[in-house]
Amino acid sequence: MTTETLIDPSQLTEQQLEDLLRTKRNKTVQDRKAYKDLVQTTVPDAVAKLMTVSEALSGIKSDTFAYFKDLLKMKADVYGVTDNQQSHTFSTDKYGITIGYRVNDGWDDTVSAGIQKVTAYIDSLATDPSSAKLVKTIFRLLKKDAKGNLRASRVLELQKMTDDFHDVNFTDGVNTILQAYKPTRTCWFVEAYFMNEANEKVAIPLSMSSVDFPEGFEFEFLTAETEGEI
């Protein structure tokens, strides 16, 4: 083990102090350059490995959908039905897999006109405590989610109420909302699981964020807290 020799600045000449400061500055510059050089070599290596994994996942995803293309066609032929499901699940006693796509609710600008009509009719209903409860229920169906969008499933519930009220403006408002519906497909996905020895369903992690580190891997260097700190 080496120990640094402590230097007493009071014992140094002015020239020696200047030389010492110059040496420290040079070392700092060299250390920072070494750090930046290391970043330049580390980042490309890490990204190259991640690109390889990404390409492999893309290929496996394509293969997985291709595997079940024929199965879905056979299912339609054998059972005589063709559906437009967003997802399909296949399973055995030990394994299961789901393929499909996700959809986000979306609406064009005419949705606000429909909401105004429905809201105006709802406001006219609140004449007593009983009808006030109904109004609150309807308003809940028109409540937007965290992204500021209406939920299509709630609007469908609203549509069922048009038969109960038989009001032209209310029906027109609901229909305007429905016609403004513009769903967008967001992604194609694959989910899979297996049954463990305890007969419990275990999801297979298929994204970088859901995969666990290998047992024993130490990643505490990424956390802000260290032992002894508050």
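This is a predicted model: local features need pLDDT of at least 70, side-chain atom pairs count only at pLDDT 80 or more; totals for chains, interfaces and linings use all residues.
Colleague: Thanks! Where does helix H1 lie?
Modeller: Helix H1, residues 14–79, lies across strands E1, E2 and E3. Its direction is at about 90° to E3, which covers 184–195.
Colleague: And what is the strand order in that sheet?
Modeller: The order is E1-E2-E3-E4, in an open sheet of 4 strands with antiparallel pairing.
Colleague: What holds paired strands together in general?
Modeller: Backbone hydrogen bonds do, whether the strands run parallel or antiparallel.
Colleague: Let's zoom in on E1. How many bridges does it share with E2?
Modeller: E1 and E2 (residues 95–104) pair over 5 bridges, in the antiparallel sense. They form a hairpin, with 3 residues between the two strands. Ser-91 has Gly-96 of E2 as its bridge partner, and Phe-90 stands opposite Ile-97 in E2.
Colleague: Which residues of E1 are on the covered face, and which on the uncovered one?
Modeller: His-88 and Phe-90 make up the covered face, while Ser-87, Thr-89 and Ser-91 are on the uncovered one. As background, side chains in a regular strand alternate between the two faces of the sheet.
Colleague: Is His-88 buried or exposed?
Modeller: His-88 counts as buried because its relative accessibility is 13%, and the cut-off for buried is under 20%.
Colleague: What does His-88 touch?
Modeller: Leaving out residues up to four places away in sequence, His-88 touches Leu-72, Lys-75, Asp-83, Ile-97, Thr-98 and Ile-99.
Colleague: How far apart are His-88 and Met-51?
Modeller: They are 37 residues apart in sequence and 29 Å apart in space, C-alpha to C-alpha.
Colleague: New topic: helix H2. What span should it have?
Modeller: H2 (residues 111–125) has 15 residues, so at 1.5 Å a residue it should span 21 Å. Its end C-alpha atoms are 22 Å apart, which agrees.
Colleague: Which residues of H2 are buried?
Modeller: They are Val-111, Gly-114, Ile-115, Val-118, Tyr-121, Ile-122 and Leu-125. These residues cover an arc of only 135° around the axis, so they are on the same side of H2.
Colleague: Now the aromatics. How many pairs are there in the whole structure?
Modeller: The search finds 7 aromatic pairs. One of them joins Tyr-121 and Phe-165 edge-to-face, at 5.6 Å centre to centre with 65° between the planes. Tyr-121 lies in H2 and Phe-165 in helix H4 (residues 152–165), so this pair ties together parts 44 residues apart in sequence.
Colleague: What about Phe-165 and Phe-170?
Modeller: Phe-165 and Phe-170 are also an edge-to-face pair, 5.2 Å centre to centre, with 85° between the planes. Phe-170 is buried, at a relative accessible area of 0%, and Tyr-121 is buried at 14%.
Colleague: Which residues form one aromatic cluster?
Modeller: Phe-65, Tyr-101 and Trp-188 do.

Conventions
Residues are numbered from 1 along each chain as its sequence is written. Side-chain values use heavy atoms; hydrogens and water are left out. Two strands pair if DSSP finds at least two bridges between them. Contact means heavy atoms within 4.5 Å. Axes are lines fitted to C-alpha atoms, for helices over the stretch in contact, and angles run from 0 to 180 degrees between N-to-C directions. The expected span of a helix is 1.5 Å times one less than its number of residues. Buried means under 20% relative accessible area, exposed over 50%, partly exposed in between (1.4 Å probe, protein chains only). The arc is that of the directions from the helix axis to the C-beta atoms. Rings of Phe, Tyr and Trp (its six-membered ring) pair if their centres lie within 6.5 Å; planes under 30 degrees apart count as stacked, over 60 as edge-to-face and the rest as tilted.
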